[in-house]
Amino acid sequence: MTTAVRLQNIHKRFGALEVLRGITLEAQEGEVLSLLGSSGSGKSTLLRCINMLEIPNDGDVWVAGEAVKFRAGRQGQSRTVDTAQIDRLRSRIGMVFQSFNLWPHLTILENVIEAPIHVLKRPRSECIQEARDLLERVGIGDKAQYYPAHLSGGQQQRAAIARALAMHPNLMLFDEPTSALDPELVGGVLRVIRSLAEEGRTMLVVTHEMAFARDVSSRVIFLHKGEVEADGPPEDVFTNSSSPHFQQFLGREARTE
Amino acid sequence: MDLARTFELVGFGPDGWGAILLAGTATTLAAAFCGLLLSFVLGALGASAKVAGGPAARAAAETYTTILRGVPELLVIFLFYFGSSSVLGAIAALFQYQGFIALPGFLAGVLAIGVVEGAVMVEVLRGAFLAVKPGEIEAAKACGMNTFLRFRRIIAPLTLRHALPGIGNVWIGLLKGSSLLSATGVAELMRQTQVAAGSTRLPFDFYVAAGAIYIVITVSSGVVFQLAERHYSRGVARP
């Protein structure tokens, strides 16, 4: 197996607040990792460190065997060193956001073909054909000519997934993909994500959906106050975890569900 | 006031001032349009300095907007026109030239109103940029768009759609501000109206006519801006 992502001793601070306190984590190709943790545990920040939307203050990041170049700046903020490298790596990492972040001035189809055409420089007609297939696949083939604002949250999120897939990513990052959705729309989006997992895609999913974490992921990571408290196959973590924090977390999640 | 006489005066007949007023209108439009281009360039530079610049760039942009929004446009016009003449005159004196030289009135005036309205444009574009959702820019980063591509494909169109109403206001400001160019003798609409009013001794007729021309221009540019807003807001849900 090849390593898709390797994080080594990642630290991230926002001012005085240390959000990540030395996280080490590896994901192999084909693995589906669920990142769990209460809000403020650092799981979204960790995900964003992989594609450098947040730049760690310390530690090392490897994506597809390549070390990502960054270093701490003068005033303590970090910065990337090689923007061309970051752009190239990002083009191979699909990201799906909690708030969809579709571009509102473009139609759904234009959202999906935007980066393949302008970043990957692929021929337009080919991109359009593929985008239509992807939209069909996520169940919104009839919405290609709509603008994002005219779609429901669930439809927007499925369009955002199609937009990420259109780049043929080696790795997919999902940052709480269903947290902003009305309860009745969650199922449709989870079905799409599950079907991607079943294709053997490498995915890291920050989620509060316990059933999804248990049934779909190959590994579950539980973060508590910026540290990894549990890491293992879902059946082990959910049944045998010795972490008292994880048991408390499960109790809280069960109450809110 | 005799309406028939007014129409004859501002018409294109043998005694009409129509052609002269029309030429003045064209100059007014040209000055305002050149001013718009200049203010847009200055506004874009100032806004990017304020939003993304280092401490020095931010301070420079801040100084520019504070000073230029706080002084009358007429003062800036005189400063550019007569100020340039003393600088150019001093240079000319080195070459034994004694006459009056200055920037052409049109050029000095366009520079002045462009610089003044540019200070307003900085705030218009800055506010419009801040109205773009950070997540939408992040999504562009996340799929590997470089800085230039991100700006051209995502940030600029989204900023522009938020900026259009403000740009419309700047345009109106430039149209009216261009009347101050008359003070340096530029033959724009206001100046030509003064000349006509003076030589016919019928100020009321001519100032009313000039007012009507300004209204026609501002109302029709309002329509243009409305169409542009509609075009650039496609996809925006209206409550």
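Thr3(A) stands opposite Gln28(A), which sits in strand 2 of chain A. Before I go on, a word on the model: it is predicted, so local features need pLDDT of at least 70 and side-chain atom pairs count only at pLDDT 80 or more, while totals for chains, interfaces and linings use all residues. Residues are numbered from 1 along each chain as its sequence is written, chains are lettered from A and ligands numbered from 1 in the order in which they are written, and side-chain values use heavy atoms, with hydrogens and water left out.

Back to our pair of strands. Strand 1 of chain A covers residues 3-14, strand 2 covers residues 17-28, and the two pair in the antiparallel sense over 9 bridges. When I say strand or helix, I mean a DSSP run, numbered from the N terminus: at least two residues of E for a strand, at least four of H or I for a helix. Two strands pair if DSSP finds at least two bridges between them. Another bridge here links Leu7(A) with Leu25(A) in strand 2. The hairpin has 2 residues between the strands, and Gly15(A) takes a positive phi near 60 degrees there.

What does strand 1 of chain A join through 5 bridges? That is strand 4 of chain A, residues 58-63, and these two also run antiparallel. Look for Gln8(A), whose bridge partner in strand 4 is Asp60(A). Put together, 4 strands of chain A form an open antiparallel sheet in the order 2-1-4-5. At its edges are strand 2 and strand 5 (66-67), each pairing on one side only.

Now please turn to helix 3 of chain A. Why is helix 3 of chain A largely enclosed by the rest of the structure? Because 10 of its 11 residues, 108-118, are buried. Buried means under 20% relative accessible area, exposed over 50%, and partly exposed in between, with a 1.4 Å probe and protein chains only. Among the buried ones are Ile108(A), Val112(A), Glu114(A) and His118(A). The buried residues pack against helix 4 (124-137) and helix 5 (153-165) of chain A, together with helix 7 of chain B.

That brings us to the other chain. Chain B has 9 helices and 0 strands. Of its 239 residues, 43% are buried. Its C-alpha trace spans about 70 × 55 × 25 Å along the principal axes.

How do the two chains meet? In chain B, 22 residues are in contact with 23 residues of chain A, where contact means heavy atoms within 4.5 Å. The area buried between them is about 2000 Å², and carbon and sulfur atoms give 60% of that. This area is the accessible area (1.4 Å probe) that two parts lose on being put together, summed over both.

How many salt bridges does the rule find across the interface of chain B and chain A? There are 2, each a side-chain nitrogen of Lys or Arg within 4 Å of a carboxyl oxygen of Asp or Glu. In one salt bridge, the side chains of Glu114(A) and Arg153(B) meet at 2.6 Å, N to O. On the side of chain B that touches chain A, helix 6 (134-142) and helix 7 (147-177) are the elements giving two or more residues.
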